[in-house]
Amino acid sequence: MQTDTLAAGPKESATRRTIKNLRWWILGWALAAGIINYMDRSAISIAAPQLIKEFGMTRTDIGLLGTVFSWTYAFCQLPAGWLVDKLGARRMYFLAIAGWSIATALMAVGGKMWHFVTFRFLLGVTEAPNGPASAKLTADWFPRAERGQATAIWDSGSKWGPAIAPPVLTAIMLTFGWQAIFIFLGVAGLVLALAFFIYYRAPEEHKRISSEELDYIESQRVSQVLTAKKVSWLGLFKHRQIWGMMAGFFCVIWIWNIFIVFLPLYLQEERGASIATSGWLAAVPYLGAAILGITGGWVMTRYSKKAGRDPLQAKRHVMSVAAVAAGILICLIPFVDSLPLAIAVMTVALGFVATMQAAAWAMPGDVVDNSQVASVGAIQNFGGYFGGAFAPLLTGVIADATGSYAPSFVIGGIIAALAAVAYTVLVRGPIKDKEDAPLEPAKGTEA
């Protein structure tokens, strides 16, 4: 099919309606999936005040629900990445989105703690393929030099989702009750799953791609083939790059989980915001993070192209600067007296965290070839969420014991800064062989 498409050339373009730079439009599917995905995750933080009031839950209980999701999500990353590489982004996206939408809707019928634990467990299982599938989509449609920016765009869904969720879901909850927010999200996800399955295709199968763009994607894919032998899935764990990515992403996800689970409660309990007001205030840091994260992806791309640097080296440099800056700002949050200034500090801090996430998700395509991108992305995500799962539970325990979130922010800031060490020291080049020798580009190609 691929050969026939390329051979058709201008004649084929004249007989069908193509879309210029289709790969950037295709990215919209991954962005939409990310938005819905993170609205589902954020829903528990919106419903938390009502769950505490109606069922007598504690902050530790809310943290436990976040931890159950994270642990399940982490362990399911391992098979999810392998399945994405085997089945492709289209089928796994459909199954995942439909599955997590059903799991989200089930929260509306919960009445006891074990119900909510079970449904959050199911959410963790079904949301696991989202990141690896998005990384696979990016590797299929984009050359290495563009992946930093492309990844930043789809990863911004993890910021747009939490930004949209507080005002929208709070309004739904105050009007129709907390159960309505989960039903709304479930229906929206099922619609997206069906639409994605109908319209998404790989580049060589898409009817709207021009022959020129397909030729560009394919030629870039060939020029970037790694000269190493393919590493087995278990064999990946023998390489320092994999452990560095797991440790580094743990540092990123630790602080991210604190914000996802506790930001509205923090604004209400320590900053004096009402439930309605906190919905709008909680949106601001995520909106800023989405914009700054995309900006960070643009910086990675420009830095790589202008300086003539290897894309992996560019991502590592940007990651290190963002990690240190994020760590310092997060530690400052509890000590800022003014609410507007605190929101501003949170916004910039989450912007650096967003840049770290974009850099991390773009790295698998620089460490292994396209056939293992989803697997490596999933392994990295496993490390992040397995360790980061402790963050919500520890934060809830500390808040119940001390009445303050300040210690959790300081701990989270220090951990976030340590990501610079993991990625700089351990992820120094692509995986080539058992000796981890630096991998050179194929002959006659650019790095």
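**Cavities, salt bridges and buried residues**

Me: How many cavities of 30 Å³ or more are there by this rule?

Reply: A cavity here is a set of points, on a 1 Å grid over the protein atoms alone, where a 1.4 Å probe fits but cannot get out. Points are joined across faces, edges and corners, and a volume is the space filled by probe spheres set on the points. With a threshold of 30 Å³ or more, the count comes to ten cavities.

Me: What kind of model is this, and which pLDDT do side-chain atom pairs need?

Reply: Residues are numbered from 1 along each chain as its sequence is written, and side-chain values use heavy atoms, with hydrogens and water left out. The model is predicted: totals for chains, interfaces and linings use all residues, local features need pLDDT of at least 70, and side-chain atom pairs count only at pLDDT 80 or more.

Me: Which element gives the most residues to the lining of the largest cavity?

Reply: The largest cavity has a volume of about 130 Å³. Of its 15 lining residues (those with an atom within 4 Å of a point), the closest to the centre are Tyr38, Trp154, Asp155, Ser158 and Trp361. Two or more residues each come from helix 2, helix 6 (130–141), helix 7, helix 11 (240–269), helix 14 (339–362) and helix 16 (373–388). The most, three residues, come from helix 2.

Me: How many charged residues are in the lining of the largest cavity?

Reply: Ala, Val, Leu, Ile, Met, Phe, Trp, Tyr, Cys and Pro count as nonpolar, Asp, Glu, Lys and Arg as charged, and the others, Gly among them, as polar. By class, the lining has seven nonpolar residues and six polar ones, and the charged residues number two.

Me: How many helices does the protein have?

Reply: Helices (H or I, at least four residues) and strands (E, at least two) are DSSP runs, numbered from the N terminus. The protein has zero strands, and its helices number 19.

Me: What share of the 447 residues is buried?

Reply: Buried means under 20% relative accessible area, exposed over 50%, and partly exposed in between, with a 1.4 Å probe and protein chains only. The accessible surface of the protein comes to about 17300 Å², of which 67% belongs to carbon and sulfur atoms. Of the 447 residues, the buried share is 60%.

Me: Among contacts between residues at least 6 apart in sequence, what share joins residues at least 24 apart?

Reply: Contact means heavy atoms within 4.5 Å. Among contacts between residues at least 6 apart in sequence, the share that joins residues at least 24 apart is 85%.

Me: Which residues are linked with Arg23 in a network of salt bridges?

Reply: A salt bridge is a side-chain nitrogen of Lys or Arg within 4 Å of a carboxyl oxygen of Asp or Glu, and the count comes to eight. Arginine 23 meets glutamate 146 at 3.0 Å, N to O, and glutamate 213 at 2.9 Å, N to O. Arginine 23 and glutamate 146 are both buried, as is glutamate 213. The residues linked with Arg23 in this network are Glu146 and Glu213.

Me: Why does the pair of arginine 23 and glutamate 146 tie together separate parts, and how many residues apart are they?

Reply: Arginine 23 lies in helix 2 (residues 22–55) and glutamate 146 in helix 7 (residues 144–155), so the pair joins parts of the chain whose separation in sequence is 123 residues.  The pair of glutamate 213, in helix 10 (residues 211–223), and arginine 23 ties together parts that are 190 residues apart. For arginine 23 and glutamate 146, the value is 123 residues.

Me: Is lysine 315 buried or exposed?

Reply: Lysine 315 meets aspartate 366 in a salt bridge at 2.8 Å, N to O. The pair links helix 13 (residues 311–332) with helix 15 (residues 364–367), 51 residues apart. Aspartate 366 has a relative accessible area of 1%. At 3% relative accessibility, lysine 315 counts as buried.

Me: Which residues does methionine 319 touch, not counting residues up to four places away in sequence?

Reply: Methionine 319 is in helix 13 and, at 0% relative accessibility, counts as buried. Beyond four places away in sequence, methionine 319 touches Met356, Ala359, Ala360, Met363 and Tyr423.

Conventions
Accessible areas come from the Shrake-Rupley method with a 1.4 Å probe; for residues, only the protein chains shown count as cover. On a 1 Å grid over the protein atoms alone, a cavity is a set of points where a 1.4 Å probe fits but cannot get out, and a pocket is an open set with protein on both sides within 12 Å along at least five of seven lines; lining residues have an atom within 4 Å of a point.
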